[in-house]
Each structure stands twice: as structure tokens, then as C-alpha cells.
2 protein chains.
Amino acid sequence: MHIAPSKLALVPFVSVENMMRLVHHIGVETVLRELANEIEADFLRWAAFDKTPRVGSHSEDGVIELMPTSDGQIYSFKYVNGHPQNMKRGLQTVTAFGLLADVPTGYPLLLTEMTLLTALRTAATSAMAARHLAPAGSKTMAIIGNGAQCEFQALAMRAVLGIDHVKLYDLDPKATRKAEANLRATGLKISACASSQEAIEGAQIITTCTADKAYATILTDNMIGTGVHINAIGGDCPGKTELHPDILMRADTFVEYPPQTWIEGEIQQMPKDYPITELWRVIAGEAKGRKDPDQITLFDSVGFAIEDFSAIRYIREKIRGTDFYQELDMIADPDDPRDLFGMLVRAGEAS
Amino acid sequence: MHIAPSKLALVPFVSVENMMRLVHHIGVETVLRELANEIEADFLRWAAFDKTPRVGSHSEDGVIELMPTSDGQIYSFKYVNGHPQNMKRGLQTVTAFGLLADVPTGYPLLLTEMTLLTALRTAATSAMAARHLAPAGSKTMAIIGNGAQCEFQALAMRAVLGIDHVKLYDLDPKATRKAEANLRATGLKISACASSQEAIEGAQIITTCTADKAYATILTDNMIGTGVHINAIGGDCPGKTELHPDILMRADTFVEYPPQTWIEGEIQQMPKDYPITELWRVIAGEAKGRKDPDQITLFDSVGFAIEDFSAIRYIREKIRGTDFYQELDMIADPDDPRDLFGMLVRAGEAS
């Protein structure tokens with residue numbers, strides 16, 4: 001016999017398939033634009049959040065991280081891995097899932113896939129930052145690194161900033177061909193380039209999203225002219241950077257959460273007195289973003305828990321009244337909360 | 001159209017219902033005995049584990065915690081809340097779920113309910129510790145606090161140590177009546193007592209598992225004779241203790257992971273030079289457990305991530321070849337790992 005779990009025991013779950021259905025239902029660029037706005041709104045109330053650097057478990061092959069945060073009413077965490085060697089095995093470099101919970105009771109509210117959602121929120125965060133930091137009227141972006149994050153970056157920059165030309169470069173031409181084929185269908189003007197140098201020529205926004213776990217130098221100082229915005233998202237763990245430190249010496253650098261960025265970001269290469277500005281302060285009007293057209297701005301993005309919080313909460317709002325989720329019997333819910341054992345016994349008698 | 005997710009995308013999930021089916025299939029005392037052995041085996045290879053105090057998000061109402069660990073091959077974490085006021089709302093004080101993941105790839109291997117499993121592993125850990133610390137030939141135990149953990153404690157102590165008499169006391173007689181009714185059916189001799197004092201008379205093992213978030217004094221020094229083992233499991237977060245410090249002055253105290261126990265355990269009341277012994281060292285033969293029959297031993301248990309690791313891994317072994325799980329489409333798995341966007345687009349075209 002099957003004992004139906006009570007309502008309290010059930011946690012909504014958004015599978016990968018349902019996430020894809022939901023994104024198509026809303027429209028991918030609308031999702032990116034709305035996510036950028038949700039993330040910006042949460043950055044604006046920065047002080048309301050419990051903030052802590054992510055908790056990483058590092059191994060030779062990669063890292064598994066937990067990223068919790070809370071605004072006092074809602075708690076979220078994300079499980080995410082980063083394994084650069086996975087691609088060679090036919091696996092994702094980054095996979096993720098996340099949870100939203102009710103702070104007053106500790107009960108889970110939503111479990112969701114977050115591999116796709118992380119790709120979306122990362123691109124949305126980049127675009128949200130670029131809205132405050134990129135040169136006015138930016139139309140052309142370069143994307144160095146044409147892996148899983150590439151197309152999301154391009155569409156987010158179009159959705160939020162109106163970018164219409166994307167220049168692609170990757171060490172592996174197959175990656176560029178993949179991105180080019182996907183992006184041509186979106187109506188963006190695409191240029192596949194033979195070098196980083198070629199890709200960044202004429203670009204107002206330069207996005208680096210490479211996956212090697214190394215102190216790489218994707219961009220060197222002599223490549224970077226004045227008046228550009230660099231969106232560096234691939235340097236995101238200890239020992240993994242993409243920019244030559246000389247670029248940082250010329251740039252004004254903006255970060256998410258300094259205690260985490262000092263460990264994981266491009267600035268891990270810099271002395272501790274290197275000046276940085278927290279992005280939320282720019283959004284809140286407490287600090288200047290772009291000051292003049294010749295300035296080089298750098299968003300040294302490593303990904304922060306509040307962005308996941310915003311994204312999971314957004315999904316929770318969007319699935320209300322839809323069938324884009326299933327319910328999981330995840331919480332033991334005896335009639336008398338103290339009678340967990342009795343629930344177990346009765347289940348045995350009923351079966 | 002529905003696109004079936006690939007095998008790589010699927011993560012086995014053990015629901016509450018399936019956990020109950022599995023436990024009945026194996027037998028609850030067998031589960032407790034096997035879990036005690038699994039946990040002991042993992043304590044024996046203590047040095048192999050990544051250890052960190054749990055990451056807590058505290059609020060007025062309670063705490064939400066993440067408890068990660070890894071042995072370099074397998075990673076686990078548990079999400080668990082502790083909300084003493086929940087019971088009044090008809091909710092569980094503690095609910096939990098957990099995950100096992102593959103360290104070399106970061107891919108999840110198993111998602112499972114852990115409200116029941118935590119109750120089982122907590123009782124199994126208590127019994128495993130008592131095997132090393134309780135007086136030889138212990139037959140009678142007292143349980144102060146007859147909530148959700150109570151019956152599991154009694155059965156674990158029978159399964160592992162051969163306890164045959166359980167004396168119950170709770171401030172709320174309804175809780176005692178609930179536990180008594182549940183335990184009578186197991187063949188244990190049960191005595192419902194009118195006070196803590198009455199309950200601990202003649203008991204070789206005294207278990208305290210109360211839920212108030214306060215510096216409570218469930219046991220005072222004058223109540224405790226020589227030659228007993230105290231299993232204190234209800235003092236498990238900052239500001240929450242059960243024993244008068246004078247008891248600790250007379251006892252030899254054993255703990256799981258000192259950096260966590262100093263924050264959460266009974267020893268949070270003690271000066272930093274108070275001597276403690278790590279339980280794993282007793283199991284490994286590096287330190288003495290019980291030295292003489294008159295000694296008072298105290299297991300100051302707060303619950304540690306390695307116990308959850310052992311428990312989730314045990315469940316993973318036990319569900320192999322059974323139908324006690326379902327598969328969740330939790331990991332995005334494009335044919336080309338770099339083509340996450342293409343997977344999204346094709347799902348839209350197919351729908």
C-alpha cells in the first residue's frame with residue numbers, strides 16, 4: 001500500500017527539462033533581462049543579506065562548492081562544481097542545483113536544476129554590471145572563450161544593452177563554430193576571429209570566459225585600448241586568472257563580494273592595497289561606475305551567492321500556476337512532529 | 001514533444017516514502033547496527049576526510065546548516081534545519097536532505113531525504129560511541145527528552161549494546177506516552193518516569209535529547225552517580241546545552257570534531273583548557289575510552305558531517321538493484337558539453 005505524503009512533505013522541483021520549457025515559455029532574452037533586474041534589485045539591498053565566501057572542497061580535478069545566503073526571510077544555497085577536465089570526458093565543466101528555504105521554519109520551498117540557471121544568471125549579472133560600467137552606446141562585444149557560457153553572454157548583452165555585433169575567439173575553432181552557428185539564428189551580427197587581438201578590435205565590451213584552471217594570460221596589456229569595459233568571468237577560483245596584472249593597473253576594478261574576490265578573482269594577483277569598488281555601491285549611487293569615455297572598467301566577476309538567490313527566487317515566482325515543476329516527497333511529515341518513529345512504523349504496517 | 005534526458009542527467013533520489021520502505025525492507029535494528037559499523041569504519045580513517053565546522057545561517061527562529069565533507073573520492077553534504085518552535089506549528093524541529101557526489105567529476109551521485117536518515121544516524125552514532133564508553137554489560141538506559149529522536153536511541157542501544165530496559169522522562173507526559181506506546185511494541189521493557197531523577201536511577205546509560213534552544217540544565221551534578229555513561233545529544237548549537245558544568249568537571253568527555261563541539265556542544269560552557277578526547281582516537285586505539293567502572297564518561301555529541309557521509313553512502317549501497325529510488329533529471333547534459341545553449345535551443349524546437 002502507498003501512503004500519500006502530506007502537502008507539507010512536498011517540495012517543488014524544477015528539472016532540467018522543465019527549466020528549458022520555462023525559459024522558452026518566457027523567452028530567453030526576456031529571462032535574461034528580468035534576471036538582470038532581479039539581481040540588480042537584490043544588489044541594491046546588499047546590507048540585508050547574510051554574506052559568506054563560498055565553501056569549497058578542492059581536489060586535483062576541480063572544486064565542489066556550496067554557496068549559501070539569506071535575506072532573513074528566504075535562504076538559498078547552490079551546489080556547484082567546476083571541473084575543467086570534464087569536457088574531455090563528455091561531461092559539463094559546471095553543473096549545479098539550488099534550493100530555496102523559508103527562514104522562519106527552515107523548510108525547503110523549491111529545489112531546482114541550476115546548470116542552465118547558473119549560465120543565465122551569470123550572463124544576466126555581466127549585463128547588469130555592463131549597464132553601469134560599459135561605454136555609452138556600446139554596440140560591439142568580443143567574447144574570448146566560446147564554451148558553454150558564450151551564447152548566454154551575447155544574448156544578455158543584447159537584451160540589456162542593445163549590443164548588435166559579437167566577435168568570437170577561442171583557442172579551439174570548433175568551439176567558435178558552435179557558438180557562431182547558435183548565434184547566427186538569433187539575428188546578431190557574428191564575426192569569427194582568428195585571434196584574441198582580432199576579436200577585441202573595435203569592441204567596447206570584452207568578455208573573457210575561458211575554462212582552464214591556470215594563471216592564464218588571455219589578454220595582455222598592449223592589446224587593450226582605452227575606453228573599453230572588460231567583463232572577466234573565467235577567472236573564478238584560486239590559481240585561475242585570465243588577465244595580465246598590468247591591465248588591472250590601468251583599469252578601475254569592480255567586484256561582487258571582496259572577501260571572495262580576493263581569493264578567486266583576477267585581483268588575487270594584485271597587492272592587497274590595490275583599489276577595488278564593490279558593484280553594489282555603484283548601483284546604490286554610493287560610488288561612481290564609469291567616469292569618462294577613456295576609462296578602462298573591469299568587472300572582476302567570480303559569481304556570488306546573492307545572484308543565485310535572485311535567480312532561484314525568480315524561478316519560484318515564474319512557476320506559480322504553471323506545470324513547469326513536479327513535487328518531491330522530500331520532507332518527513334508525521335501527524336505529530338515528535339512521532340517520527342511512529343510514522344515509520346505505520347508506513348511498515350501499511351505496506 | 002518530450003526529449004528524454006540522457007543517463008548522465010539522472011540523479012537517483014530517495015524520497016521519504018522510499019526511505020521508509022528501505023528501512024522496513026532491511027529492518028530498523030539491522031539498519032541501526034549496520035550504520036553504527038559504517039560510521040565507526042569512517043571514524044577509523046578520520047585523517048582521510050576534509051573536515052570543516054558546519055556552515056550555519058542563524059535567525060531568531062532557528063538555524064539552517066550545510067554540513068559538507070569529502071574523503072577525496074566521494075563528497076557529501078547535508079542540508080539540515082533546527083527550529084525548536086516548529087513543533088508548535090505542527091512542523092518537524094529538524095528536517096534534512098543530503099547529497100553524495102563524485103569528487104573527480106563533481107557530478108551528484110545520490111540525493112536523499114535525511115530527516116529519517118539523520119534520526120537513524122544520530123542514534124547509530126550514539127550507540128557506536130557507547131560501545132566504547134558505556135560500562136560493560138549495560139542493560140538499562142534513561143532517555144530524558146522523548147521527542148522525535150527517542151525511540152531511535154532506544155533501538156540503537158539495543159541493537160548495538162543489548163540494552164533491554166528503557167526509562168523515559170519528558171517535561172511533557174504526552175511525549176513520554178507516545179514513546180512508550182511505540183517502544184512497547186518492540187519488546188523492550190519500558191518505564192515511564194515522573195522525573196529525570198527517577199529515570200536515571202539504575203541506568204548505566206543516560207541519554208539527553210531535549211529540544212529547547214536554551215542553556216537548560218536537564219541534569220545536575222547531584223543526580224549523577226559514578227560509573228555511568230552520559231550520551232548528551234540535545235546540546236547541539238551555540239546557546240543550547242543540557243548539562244550543568246559541574247557534571248563535566250567530574251566526567252571524561254569525548255567529542256566528534258573539536259572545532260565544532262567547542263562552538264555547539266556542552267563544552268561551550270567550559271574553559272578552553274578543559275580536557276577532551278576525540279572519539280576517533282579511542283576507536284583507533286590511540287586514546288583510552290572507559291578506563292574503570294566508576295568513571296563517568298560523557299559523549300558530547302553535536303552531530304558531524306562524516307556521520308552523514310557514512311549514512312548516505314550506506315543508503316547508496318543498499319538501493320543498488322532495488323526500486324527504492326526514482327531518477328531525477330537534475331543535470332543538464334548536452335551532447336557537446338560546451339553546447340549548453342544549443343541544448344536549450346533544440347529543446348525549444350522540439351516542444
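This is a predicted model: local features need pLDDT of at least 70, side-chain atom pairs count only at pLDDT 80 or more; totals for chains, interfaces and linings use all residues.

User: Great. Which domains does the assignment give for chain A?
Analyst: The assignment gives domain 1, made of 7-116 + 306-341, and domain 2, which covers 135-303.

User: How far apart are the C-alpha centres of those domains?
Analyst: The C-alpha centres of domain 1 and domain 2 of chain A lie 26 Å apart. In the contact, domain 1 of chain A takes part with 21 residues and domain 2 of chain A with 22 residues.

User: And how much area do they bury between them?
Analyst: About 2000 Å², with 66% of it on carbon and sulfur atoms.

User: Which residues of domain 1 lose the most area to domain 2?
Analyst: Those are Glu29(A), Trp46(A) and Arg54(A), and together they account for 28% of what the domain 1 side buries.

User: Switching topic: how many salt bridges are there between the domains?
Analyst: The count between domain 1 and domain 2 of chain A is two.

User: Which element gives the largest share of the domain 1 side?
Analyst: That is α2(A), with eight residues. By kind, the domain 1 side that touches domain 2 of chain A has 10 nonpolar, four polar and seven charged residues.

Definitions and conventions:
Residues are numbered from 1 along each chain as its sequence is written. Chains are lettered from A and ligands numbered from 1 in the order in which they are written. Side-chain values use heavy atoms; hydrogens and water are left out. Domain bounds come from an automatic or database domain assignment. Contact means heavy atoms within 4.5 Å. Buried area is the accessible area (1.4 Å probe) that two parts lose on being put together, summed over both. A salt bridge is a side-chain nitrogen of Lys or Arg within 4 Å of a carboxyl oxygen of Asp or Glu. Helices (H or I, at least four residues) and strands (E, at least two) are DSSP runs, numbered from the N terminus. Ala, Val, Leu, Ile, Met, Phe, Trp, Tyr, Cys and Pro count as nonpolar, Asp, Glu, Lys and Arg as charged, and the others, Gly among them, as polar.
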